Structure formats: structure tokens, C-alpha cells
Amino acid sequence: MPSKYDTNPLDPDFPEKAKAAAAAGQETQALPYTDPQTNGFSPATATEDPTRRFGNNDFSAYQQPYNGQYVPAAYQPGETVGMDRSRKRKVDKIGLPENVMVALPYLPFSIGLVAGALELLFVPRHETKVRFHAAQGLAAHVGILLITSILGIIGEFEKMANLGSFIFTAVTTVFLIVFAVKAWKGRPIHIESIESLTNWFEEKIKLK
């Protein structure tokens with residue numbers, strides 16, 4: 001069996017053949033040396049322009065005056081063309097300031113109810129902010145009127161309902177005044193419980 005030191009493990013008889021050849025006087029033959037020549041590569045062609053060295057004059061052409069501190073240019077915000085975002089701007093086709101128009105529908109009692117309905121009738125569609133507050137104020141007044149009417153009917157049979165109606169009217173009046181002040185100051189107001197009715201009023205109440 002050949003060992004791991006055999007020079008040709010694929011031929012298991014190689015060691016014996018080598019010993020037999022040595023005993024027969026055969027010598028290792030060396031191959032003739034032909035002295036081949038190494039072929040050199042052709043000279044590389046220039047593929048890039050030679051590196052350009054800049055002088056002081058070249059650098060000075062690209063340098064800006066520098067005083068040791070970078071001061072960015074002042075930012076000039078662009079103005080929205082054709083739009084006045086002031087709260088006191090005049091509402092189109094009405095002539096009243098916007099802050100007054102958005103506060104009127106929240107005034108308590110019948111003032112806000114009538115103001116909201118009139119604004120939805122006469123304020124143009126593109127005055128979305130005014131129309132939203134008009135619709136929301138009108139929806140709030142309708143909801144308050146509906147609940148007080150129900151409490152009034154119940155009060156005919158149950159005296160405690162009259163007390164509940166008084167308390168409800170007082171609380172809603174305070175809330176309406178707070179909403180009117182917030183709208184006049186330009187703060188957002190969103191009454192989620194009457195959102196569907198608000199959207200319906202804004203969509204349906206308008207001049208043909």
C-alpha cells in the first residue's frame with residue numbers, strides 16, 4: 001500500500017518502479033533548456049491630460065474676500081401673491097373683517113344662530129375659514145336649541161328638568177362666549193360632536 005509520502009499516490013507501483021529503474025542504472029534526464037525570451041508589453045498610451053499646476057494668480061481668481069467669519073445672506077421669505085392672511089382683512093363681498101365674521105356665529109342666544117345662517121348664505125365659497133366657523137356655530141346653536149326644547153318638554157312633567165335646562169343653558173352660554181373669543185383671536189376651534197352637521201350646513205346652505 002502506498003504511504004502519504006509517495007510522490008505519485010495515483011500509481012501505487014511507482015516506488016517499486018523507481019527502485020527498479022535505479023538498480024538498472026537509468027539516470028534522470030533533464031529537458032533541454034531553450035532560453036525563451038520574455039515578450040515585453042507595448043508602451044502605455046496617455047489616457048489623461050497631464051496634471052495642471054495652479055499658480056497664485058489662478059487661486060486668486062476663485063477666492064472671495066474673507067474677513068474671518070462666514071455671514072450668510074439674509075433670508076427673504078417669499079410673499080403669497082394675491083392673498084392677505086391678516087385676521088383683520090376684509091371678507092370678499094361682505095366688507096367686514098375676518099376676525100369679526102368668524103366670531104359672530106358663536107355669540108350666544110339668537111345672535112349667533114342668525115349670523116351663522118346669513119354668513120353661509122352670502123359668504124363666497126372660497127372664504128373657507130369664514131364659512132366653516134359659520135357652519136360650526138350654526139350647528140352648535142341648533143344642537144343647543146334641540147336639547148333645551150327636549151328639556152322644556154320634560155319639564156312640563158318633571159320639575160327637575162327645568163333646573164337641568166337652566167344649568168345646561170348657562171354652561172353652553174359660557175362655552176359659546178369662549179368660542180367667540182378664541183375665533184376672534186384666530187385660534188382653531190373644532191367641535192367634533194357636531195362635525196357631521198357642520199359639514200352638512202356648509203355644503204347645503206348657499207345662494208344659488
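Let me start with Phe 109, which sits in the loop between H3 and helix H4 (110-122), where helices are DSSP runs of H or I with at least four residues, numbered from the N terminus. What we are looking at is a predicted model, in which local features need pLDDT of at least 70 and side-chain atom pairs count only at pLDDT 80 or more, while totals for chains, interfaces and linings use all residues. Residues are numbered from 1 along each chain as its sequence is written, and side-chain values use heavy atoms, with hydrogens and water left out.

Phe 109 has a phi near 65 degrees, a positive value in a residue other than glycine. I point this out because most residues other than glycine have a negative phi. Phe 109 is also exposed, with a relative accessible area of 60%; here exposed means over 50% relative accessible area, buried under 20%, and partly exposed in between, using a 1.4 Å probe and protein chains only.

Next comes Lys 93, in the loop between helix H2 (56-62) and helix H3 (98-103). The phi of Lys 93 is positive, near 70 degrees, and Lys 93 is exposed, its relative accessible area being 71%.

Leaving aside residues up to four places away in sequence, Ala 135 touches Leu 120, Thr 198, Phe 201 and Glu 202, contact meaning heavy atoms within 4.5 Å. Finally, Trp 200 is 65 residues from Ala 135 along the chain, and their C-alpha atoms are separated by 8.3 Å.

Note on methods. Helix = DSSP H or I, 4+ residues; strand = E, 2+ residues; numbered from the N terminus.
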